[in-house]
Amino acid sequence: MAYWLAPAGRAQERIFIKRFAPPYWTVNFPRPMMAGIVTIAPDALRVEAVFHGSGDLAGLIWEAEDKWSHPLLAYETARDFRHCVLRFRWRSEGLKPLDAVDGPTLTIEGRDQSGAPRSWYVRLWNYAQGSPEDATVTLDFGDLKGGFALPAEADPVWAGDVDRLFLSLVPPGYDRGSTPFEQAREGWVELSGIGCDGSGSVLSVGDVMVPEHGLSIATGYDDGYNQTPERLVRQIHALGYRGDILHYVGMSHYFRLARDGSELLATLEGGPLNGPCAAWHRDFAARAKAMGLGIIWSLSYELFDAHCPEGWKQRAANGDPALTGWEPPSTLLSPAHGEAMAYLQAVGRAFVAIGREAGLAPKFQVGEPWWWIMPADGRICLYDEAAKAAFGGDPVAIADMREPLDAAQKALLDQAGGLLAASTAALCAAVRDEAPGAVTHLLAYLPTVLDPLMPEARRANMPTGWAKPAFDLLQLEDYDWVTEGRSARTGQGVAAASARLGYAAGEQHYLSGFVLRAEDAAAHWPRIEAAARAGQARGAAAVFVWAWPQVARDGFTTFDLEGEGDMQAFDDVLFPLAIGREASVAPAFSTQIVESLSGHERRSSDWADARLGFDAGPGVRSEGDLVELIAFFRARRGAARAFRFTDPFDHQSGPPGQAVTAIDQRLGTGDGVTSQFQLGKSYGAGADAQRRIITRPVAGSIRVAIDGVEQAGGWSHAGLGVIAFDEPPGEGAVLTCGYRFDVPVRFAEDRLEINRATFAAGEAPSVPLIEVRA
């Protein structure tokens, strides 16, 4: 595989859309109100909104620059709107009507003819025909005037340098103030028959279709609520992501709110999901289904702190609530609090019901459920009132999880782990009650759960009650280790989680990467892509890139350049050793030779390394071998799936017949920064040596030395022959290694022809194998 951080669209395929095409509008609004946008026809969109106060205002937005799409799929930036005429039918309910003061107003933000920043305010009613809640609106940007009353207050618009259009949507009680509404007020607007005419009405837009590459994508509603599901799902599919979308339903936008005194708190009254959220997700599920994509609904124990009832929160021993580092913060729900857990169960049921109604197979993830540990000082939040009651009323204090713990403190952590496991089991049971047969997933964040500074944290946050078969699939995430270049910890963490919970590689998913800051993109994406490859090499059933907003922001584009799908179709099994031992081998290069009229040659080598071919037929000596060979061939589905093969002539780092040592081959030179090094074997000496990449070392055979001193620890095999050091080797350190290795191969043909009569006469069958690049 390979990747590219694509800049703004250049030479890729492009098509054309009409300016103001419905999928590309967005919405925005202040907390605590909520709004959502969906497309309801090729020329129509619908916005639903929930208002909680007299100052709530939502904006339906068109931006001259496409800031939300992946660069390869974005529409062109065109700031001159003067040669455009926009028409649409307006229908609304529960909003201030078109003819009201503070009714729907089009704000045009940009610059005037002199280049000075300027905004114009265009009252839609001045350009409408029909009733205040059902009218046809026509906006000619070449002849448009702001102001409330025309012509008396006319403010001519110069639309030659526009940044964005902002169409305001407000409730009937809107007064630009801060008076809370006793009950939430809902409203909607539909723009249909959207059309744009004029010489400036057409925009080019990227039309790439990246081939399938074997990776899946993760999304989050808190990051995508402002966009149409049509836009998101179309881009995910176009960029080659397949399988399931891992969709985090979020912690700050899905809930329904009810007033409790001066506070707005999450509630189940009227249902767990607010109207805009439910409408958005119904459309999201339908569009995923239409594209052949599934959805794993991900729900965490995290909730936006400002709207979380105080009794639901996990707390430290001194009563401090469990608050994350996000701004504004989220909090963690207590697994011991019955009402909080009943709330999560209702939310989980609501989302899988939406998926079921769309015809999707029900899949649900419990996302990073844990007892919060304060990052600054190691306090664990086991002491909310519900938890204390569950732990006997006066649980032993744990002041700092980084300090050694006594038997009573460890017992408390075990008790907390049991309570957490019981809560996740109840959540999954509720989901299965709503959608029988739902496939359940558990997501664990390894850098926190397996923090080496807090070795006992796993008692509470990776309880043995999660062991197989508590969930159908175990999902592991480790983006801190990945972006810090600590791939050795990934290997160790995956191994530790697998051993503790008992899920095999094929029963695991892996989530690779997260680039929080755009300035880190160039440094972090190579590590994320490498971690995704390693996850596939480990045999994970699915590998997800986390998350879509960063993929779109940074232009991350990944490809499977091998063309054979080797990473997705490799069985980590060895060709029957006894049969393979007598195989013949044929290394081959690809060289282009051009001969001149004078007889001189110009030679160009296409391959940096030989590609091996084998014929395993000579090793077939008995009918028992034939039976074993046929069974192995069928299990590989002919040429479809690759496997390990031991080259009888070349299968270790040192000379044949000699023991492997830690100084057989050069691994690399330390620079104090790099922590990963690729195994390789050199043929020849000096600058002309041909270096072969080794991707399938034999487990347990690798030995590593630094400056000639063998290292018993401090490194691990991260997969595909990559040696990952816990800490980067120092500047100038000479790294060497030794190992035994296999060759990744496949059957060269989909047909295996064996004749019993000729075999009995002593003729060996032909069993050609070909090396794959993996």
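This is a predicted model: local features need pLDDT of at least 70, side-chain atom pairs count only at pLDDT 80 or more; totals for chains, interfaces and linings use all residues.
**View 1. Crossing of helices α4 and α6.** Helix α4 covers residues 338–357 and helix α6 covers residues 407–434. Their axes come within 8 Å and cross at roughly 35 degrees. The crossing of α4 and α6 is right-handed. On the α4 side, the contact is made by M341, L344, Q345, G348, R349, V352, A353 and R356. On the α6 side, S423, A426, L427, A430, V431, D433 and E434 take part. Sorted by class, the contact of α4 with α6 holds eight nonpolar, three polar and four charged residues. Angle and distance between the axes are given here because these describe two packed helices.

**View 2. Helix α10 and the residue that follows.** Helix α10 is formed by residues 487–501, 15 residues in total. The buried residues of α10 include S487, A488, T490 and G493. V494, A497, S498 and L501 of α10 are buried too. After α10 comes G502, which has a positive phi, near 80 degrees.

**View 3. F559 in strand β29 and its distance to A2.** Strand β29 runs over residues 556–559 and contains F559. F559 and A2 lie 557 residues apart in sequence. In space, the C-alpha atoms of F559 and A2 are 5.3 Å apart.

Definitions and conventions. Residues are numbered from 1 along each chain as its sequence is written. Side-chain values use heavy atoms; hydrogens and water are left out. Axes are lines fitted to C-alpha atoms, for helices over the stretch in contact, and angles run from 0 to 180 degrees between N-to-C directions. Helices (H or I, at least four residues) and strands (E, at least two) are DSSP runs, numbered from the N terminus. A crossing is left-handed if the near helix is turned anticlockwise from the far one by less than a right angle, and right-handed if clockwise. Contact means heavy atoms within 4.5 Å. Ala, Val, Leu, Ile, Met, Phe, Trp, Tyr, Cys and Pro count as nonpolar, Asp, Glu, Lys and Arg as charged, and the others, Gly among them, as polar. The expected span of a helix is 1.5 Å times one less than its number of residues. Buried means under 20% relative accessible area, exposed over 50%, partly exposed in between (1.4 Å probe, protein chains only).
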